Amino acid sequence: MRVKRGVLFDKELLTTEKTSAQSYLYFEGDVYRYEMNRVTNRWIEYGDKMRERPKEFDWFEGKRILLRRLVNRQQRLMATLAIDTFVTNKNLYSIISAQTSAEAILGVLNSRLISFLYVNQIAQATKDDFPQVTIKDLVALPFPKFDVTRHDQLVKFVERMLELRKQKQTAANEAARERIAREIALTDEKIDALVYELYELSKEEIALVEGKPVSG
């Protein structure tokens, strides 16, 4: 798993149209769990005028995970899948994996367990009002070894979650939104349960992660 933060540049470099072969759409939206509010109305020229940028452009194209640098108010990591080409800034990490599918990694990153581990074990995440994710701490997290069956099951759940999030955005009415929200919650639970299996958690450990009393 490779992780890299986005670019840093002076905002006056943004343009309303493509200006050269090195000019790319710039992402100014938001990333949530399995969802993004994509705003790409402006362009940025990828090159030496930027103050900071990765040497390789592959961080901004093809299938990849986008992870928000800030943990949300519910102390959860927020990540989604991206496929289209656009440049992101320092508030987002791009994650690329050659060994494991992006969907499987996304399911683990968005799980309740990983947020619990991150927030409780990483000092940076709890030291101020705006908890942050660092690359060093992110790659130090224990990622499970997948067997084929659980990997494929997790991918299926994550693909369904991504589709449900899209459906909710375009739902025709409140009743439809509520129905989709219920299926989202159920799919989230399935993903969490599968991740607990992957990490071989006991009932007591699961209760601790979920903030529930341990049953006798």
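Reply: Rings of Phe, Tyr and Trp (its six-membered ring) pair if their centres lie within 6.5 Å; planes under 30 degrees apart count as stacked, over 60 as edge-to-face and the rest as tilted. Tyr24, Tyr46, Phe57 and Phe60 form one aromatic cluster. This is a predicted model, in which local features need pLDDT of at least 70 and side-chain atom pairs count only at pLDDT 80 or more, while totals for chains, interfaces and linings use all residues. Residues are numbered from 1 along each chain as its sequence is written, and side-chain values use heavy atoms, leaving out hydrogens and water.

Me: How many aromatic pairs are there by this rule?
Reply: The count comes to six aromatic pairs. One of the pairs is Tyr46 with Phe57, which is edge-to-face, at 4.9 Å centre to centre and 85° between the planes.

Me: Why is the pair of Phe57 and Phe60 called tilted?
Reply: The ring centres of Phe57 and Phe60 are 5.6 Å apart and their planes stand at 55°, so the pair is tilted.

Me: What makes Phe60 buried?
Reply: Buried means under 20% relative accessible area, exposed over 50%, and partly exposed in between (1.4 Å probe, protein chains only). Phe60 has a relative accessible area of 1%, so Phe60 is buried. Phe57 has 15%, and therefore is buried.

Me: Where does the charged end of Arg64 sit?
Reply: The charged end of Arg64 sits over the ring of Phe86, 4.9 Å from its centre. The rule asks that NZ of Lys or CZ of Arg be within 6 Å of the ring centre and within 35 degrees of the ring normal. Arg2 lies over the face of Trp59, at 4.4 Å from the ring centre.
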